[in-house]
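Hello,

Here is the structure I said I would pass on. My notes on one part of the fold follow below it.

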Amino acid sequence: MPPLIRARLHQAFSLPNRWRASLPLLLLYAGLSLLTGAWAAEAPPDPAPPDSLPELQSRLQDLLVEQQIPALGVVVARRGQVEWVAGMGTADLHTGRPADTDTLFRIGSISKSLLALAILREVEAGRLDLQTPVRELAPDMPIDNPWSATDPVRLVHLLEHTAGFDDMHFQRMERDPNATSTQAQMQLFAPEFRVRWRPGERQSYSNPGYGLVAYILERRTGRTAEDYISAEVLTRLGMHDTRWTSSEVDDRIALGYETGSQTAVPEAELSMPAVGALWSTASDMSRYLQFYLDGRGIDGLVGPESLRRMETPETSLASRAGFPGGYALANYASDLDGWRLRGHNGGLPGYLAYLQYERDAGVGFVLLFNTIPERSRPIRQLLLGYAAQGLQPPAKAPVTTPDPARTGWYQQVTHRNQILAGVESLANVAKLEIDGEHYRLVHPLAGSADDEFIEPLANQQLRDNGLNHSNGVFTVDGEGTDALVTDDVVFLRSSWWRTALPLYLVCGAVFLLLLCLLATPFWAWQWFRRHRTKTTVSRTGLRFWPVLSAVLLALLLLASTQLNLTHLTKAQIDAPTLFIWLGGWAFGLSAVIGCWQLLRHRQQVGGLFVQVLSTSASLAALGLAVWLWQVQLLGVRLWAW
């Protein structure tokens, strides 16, 4: 994994292939997972791309079987034109109904790009302005912006995810039946509408921000966003089968399935339909892909200038520093096999979709899955390899000389889901060093792999080795702090004391508690061999509490591994969520009691080993409890009351 992004914790609603809930990462991630980047075995070389459509179909079918993907909608474009549209596999595993080009899949957050087109249509007509403050467009929305006097949240910030909002909390992903209007539904997102940093600087994906865009469209047009998009956008694109509900065409939908399973996922009714509820077919998505490849716009929808604006980010630190990648108006750049593709992806429980293209080369593809595959990248590489036959990716820009003034410690300061901010800020730190003619990010725990380095380019831009395009840039934020910005993550310059030291302390605390667990059988054996004297009981108590803290911590991590996106969005009390809540508070209580017992019986501690381990483990448990409380993860509640 490239070093610019290896030190990042990826969390997602619209990128569900990175989900297997994030909570297992609470402490284990901080100490262990980053090591895998340095120790990973060298990957085998990619096979040659298919040179014919039959070969592409055959290899694609093999990948579907290998990854247990029930059904797939696929579109491939070459030389600027859609060449192949197909449905493959089984849409309903119970009945055996096959998928075809008219099978409906959920496209998730690709819906956002159609919402952005609706907004751009209103902008072209002069009825909206991207620079208008949201307070003027939706004065009834509860936005908490400490910078409102000088830096209001504007419509464009919502569209480019630079408003500073949190992403939606799990329990608000599905519609609240008590919220009978769009206004009432959106007002439930008041906690997510707290601006966490100066608007117009850091890009951080926020579904509620786009929900607010849909509400603004409704207020301005007098029509729901879904009705407007259907009549004014989908119709003009020729996407007549794309719809917001599948209830009237049950015999044409691809049922969604859990990863690697034949268990169907219940359909989720989203709280913000215009943000991700659309169903579409391979046939309709082929028309949508062709719209982007043509780049000419459509009369009555948007013109080519609006389309270019849709693909050009303007409001983030990185874009103002000249970085051409990043997220624009529901259209973002991603690198694949030397190509910089634009488009969007989307996912919901049981579904994953991609729309990616490169207009100048005339290549693109659409993928519609009815599961969330463990690895979608090999399938995307296969399609791109076929589409780009005979073409060469853009040449690499020449490297420049590293700048010593840019070296130092950096820490991640953007957090898509605020619930994980503490873990990300702790684990995603690194020291930027100069190594010969390039930079290297050195993590305090994992170090840096020999084959992973960062190349300096002109205009303070950066590129991971192995890429053709820049994927980072040096700049300065509004407070005057040096920043290293990747495609969608901001790292600010900091110090060893604020970056590496806290990570060492947390990992050391986890190690001490694990050591307590390892010593428990030895202590238990001693307890059975001795008589129960008063001193022995005191010593046993001193050992018991740090051991209990260690057991609770291990059980909390185990419980969190039982969570997934489908589970979390139901926001219901069950065994894992209840234990994470109660077990977290029990961990904090055991840590406090352990330290209290240590103070109370400090004169009755046994031998040196018991004294050192019991004391240090009790203090470690208390330190971890305080840290978890400070980052709001102690006794976290994952359900709605």
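Leu72 has Met88 in β2 as its bridge partner. This is a predicted model, and the notes below should be read with that in mind. Strand β1 (residues 71-78) and strand β2 (residues 81-92) are antiparallel and are joined by 8 bridges.

Both strands belong to an open sheet of 7 strands with antiparallel pairing, in the order β3-β2-β1-β9-β8-β7-β6. At the edges are β3 (97-98) and β6 (332-336), each of which pairs on one side only.

Two helices are worth looking at against this sheet. Helix α4 lies across β1 and β2, and its direction is at about 30° to β2. Helix α15 also packs on the sheet, where it touches β1, β2, β6, β7 (339-348), β8 (351-358) and β9 (363-369). The direction of α15 makes about 150° with that of β9.

The helices also pack against each other. The axes of α4 (residues 53-66) and α15 (residues 377-387) are 11 Å apart, at an angle of about 180°. Angles over 145 degrees count as roughly antiparallel, so α4 is roughly antiparallel to α15.

Which residues in α4 and α15 meet? From α4 they are Leu53, Leu56, Arg59, Leu60 and Leu63; from α15 they are Pro378, Ile379, Leu382, Leu383 and Tyr386. By class, this contact has 9 nonpolar residues, 1 charged residue and no polar ones. Arg59 in α4 is the charged one.

Regards

Key: Residues are numbered from 1 along each chain as its sequence is written. This is a predicted model: local features need pLDDT of at least 70, side-chain atom pairs count only at pLDDT 80 or more; totals for chains, interfaces and linings use all residues. Side-chain values use heavy atoms; hydrogens and water are left out. Axes are lines fitted to C-alpha atoms, for helices over the stretch in contact, and angles run from 0 to 180 degrees between N-to-C directions. Helices (H or I, at least four residues) and strands (E, at least two) are DSSP runs, numbered from the N terminus. Angles under 35 degrees count as roughly parallel, over 145 as roughly antiparallel, 65 to 115 as roughly perpendicular and the rest as oblique. Contact means heavy atoms within 4.5 Å. Two strands pair if DSSP finds at least two bridges between them.
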